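Work through the exercises below with the model open. Try each task before reading its solution.

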Amino acid sequence: MTDVSKRPRPGILRRYDALLYPLVFISLLLVAWEVSVDIFKIPAYMLPAPSDVLDAMDSDLINHTWVTLQETLWGFLIANIAGFFVAVMFVHFRPVELSLFPVAIALKTTPLVALAPLLVVWLGTGMASKVAASALICFFPVLINSVKGLRSIDAESDELFRTYQASRQEIFWKLRLPASLPYVMSALKISSSLAVVGAIVGEFVGANAGLGYVVLVSSYHLDTDVMFSAIFAAAFIGLAFFWILEAIDRHFIFWQQEGAD
Amino acid sequence: MQLSAVNAPVDSPGGKSVGRDSLLTLQNCSLTLNDTHILRNIDLDIRKGEFVSIIGPSGCGKSTTLRLMLELLKPDADDRSGAGEVIFPEVRPRRGMAFQKPVLMPWLTIRGNVELSLSLGPQKTPQSLRRGKAEAALELVGLLSYANYYPKQLSGGMQQRVALARTLAAEPELLLMDEPFGALDEMTRNTLNLELLRLWENRANGLKSIVMVTHSLHEAVSLSDRVVVLSSRPAGIRTIIDVPLPKPRSAGFVCVEETLPYQQTIAKLRRELQRDD
């Protein structure tokens, strides 16, 4: 007889492992945090207890989160559409690639933090400058991954299509585009977290709303609990965003091959 | 069907037309790619109703010869002995290619993959007919019940059969095969060869000729009417050997190795392959 304890557990338990383990761990961490703040008498301006952070999460925070969320989503959307479009141009028109690629590299190597003030000067302290910052930081990974994806077709597939005298459009829609999707999907996941970074950097430089603004202002007043609540909110946006994309990825890119990232 | 070994170019008064029973003729085809001389002066006539195998040392240019027939590559135009040409009858035969790898699109179902050959290019089949044709081709290779599966759910042998169905769905007159079963184990390979032979012998959908590149002498002799032996690179035709086995072949396929003509042809091919020139 085989050892019962070594048998795989029923599927229903394993399916929620990925959720259960981190939840338990994080709960323990929060309890430890709450207790140690109390025991070691850590001042609230240094490290507020989780319960204080929870108290600081009010309707104001929700409004600021909503602002940052919108900036993030718009930046993400614009960067991805533009990045993919430029990638398609790169793949089909060699001169476009030759002339624009160095510019793209220069854009990538310029620190966003250095550009953010310029964006505020140009676009004002409203949402536009943050959307631009967010889009700028997302653009490069999307471009690179999309180009890689659009070029990922193997010689045999290309020959197969040419054997049937497929047109350029047919090769694009029926071969290049689907072949690029796993790569584009990883690009979306990478840029989802970068989009939040871009928006918050933009808010640091000049804003009157948003999570970056909340972090900045609360640091002046040593409202550390408010600062923590904003940090958590920002982290939550990034996580939720990533999870949604991960779910889409798993559902739609079911043929996903190794090495696409 | 006349099967004598004629490998001289067919000269007809019209200049560019070919003999009445020719499907495709390579005439004085040389090929140089990136300064590498791959093929030299290939003259080969593919006739209607024949199964031709091409063998030769690995890397010699067998696959390249198929690519010339598909017009994926063009023969050198400025050869010392005149321009090479790929000559067709008035109408170009529909050509289908089976690659060494199945080359299936992982995002399409098996049916979708088979329909692919019907939905590309200027000669594509009207949408309403594709499904029926695809399913008929899948039926032919015995995989109709897998129509809704995805390629990675199928074994290598099944994938290769799907690829064959995809090629057959487009109803090629000339089927070109580049070591189609080369990546498979010997058992699967034998099964698929027998299936291919049956398809070939029961052809009803316009298939006229097959040209197959292979590494296997057994495959070449048991399946084909003529075996073209290429020399090493730059490859020329060393010889063309007729296979004196009775047709249809599928009936005696399993025990063909025990027959004398089979063994003699294999021996002849071995000698040709090992000859230095």
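This is a predicted model: local features need pLDDT of at least 70, side-chain atom pairs count only at pLDDT 80 or more; totals for chains, interfaces and linings use all residues.

**Exercise 1.** Describe the area buried between chain B and chain A.

Solution. Start with the residues in contact: chain B gives 23 and chain A gives 19. Next, take the area. About 2000 Å² is buried between the two chains, and carbon and sulfur atoms give 65% of it. Then look at the side of chain B. B:Leu72, B:Trp107 and B:Leu120 lose the most area to chain A, together 32% of what that side buries.

**Exercise 2.** Find how many salt bridges and polar contacts cross the interface of chain B and chain A.

Solution. Count the salt bridges: the rule finds 3. Inspect B:Lys124 and A:Glu170, whose side chains meet in a salt bridge at 2.6 Å, N to O. On chain B, strand E5 (95-98) and helix H4 (156-169) are the elements that give two or more residues to the side touching chain A. Sort the residues of that side: 13 are nonpolar, 4 polar and 6 charged.

**Exercise 3.** Identify the residues that touch the most other members of the largest nonpolar core.

Solution. This core has 55 residues, and the ones to pick are A:Phe161, B:Leu26, B:Met69 and B:Val211. Helix H9 (residues 168-205) of chain A gives the most to the core, with 7 residues. Zoom in on B:Met69. Leaving out residues up to four places away in sequence, its contacts include B:Leu24, B:Leu44, B:Phe88 and B:Arg95. Finally, find the other core, which lies apart: it has 35 residues, including B:Phe51 and B:Ile210.

Terms used. Residues are numbered from 1 along each chain as its sequence is written. Chains are lettered from A and ligands numbered from 1 in the order in which they are written. Side-chain values use heavy atoms; hydrogens and water are left out. Contact means heavy atoms within 4.5 Å. Buried area is the accessible area (1.4 Å probe) that two parts lose on being put together, summed over both. A salt bridge is a side-chain nitrogen of Lys or Arg within 4 Å of a carboxyl oxygen of Asp or Glu. A polar contact is a pair of N or O atoms within 3.5 Å; within protein, one must be able to donate a hydrogen and the other to accept it, and residues adjacent in sequence count only if both atoms are side-chain atoms. Helices (H or I, at least four residues) and strands (E, at least two) are DSSP runs, numbered from the N terminus. Ala, Val, Leu, Ile, Met, Phe, Trp, Tyr, Cys and Pro count as nonpolar, Asp, Glu, Lys and Arg as charged, and the others, Gly among them, as polar. A nonpolar core is a set of buried Ala, Val, Leu, Ile, Met, Phe, Trp, Tyr and Cys residues joined through side-chain atoms within 4.5 Å. Buried means under 20% relative accessible area, exposed over 50%, partly exposed in between (1.4 Å probe, protein chains only).
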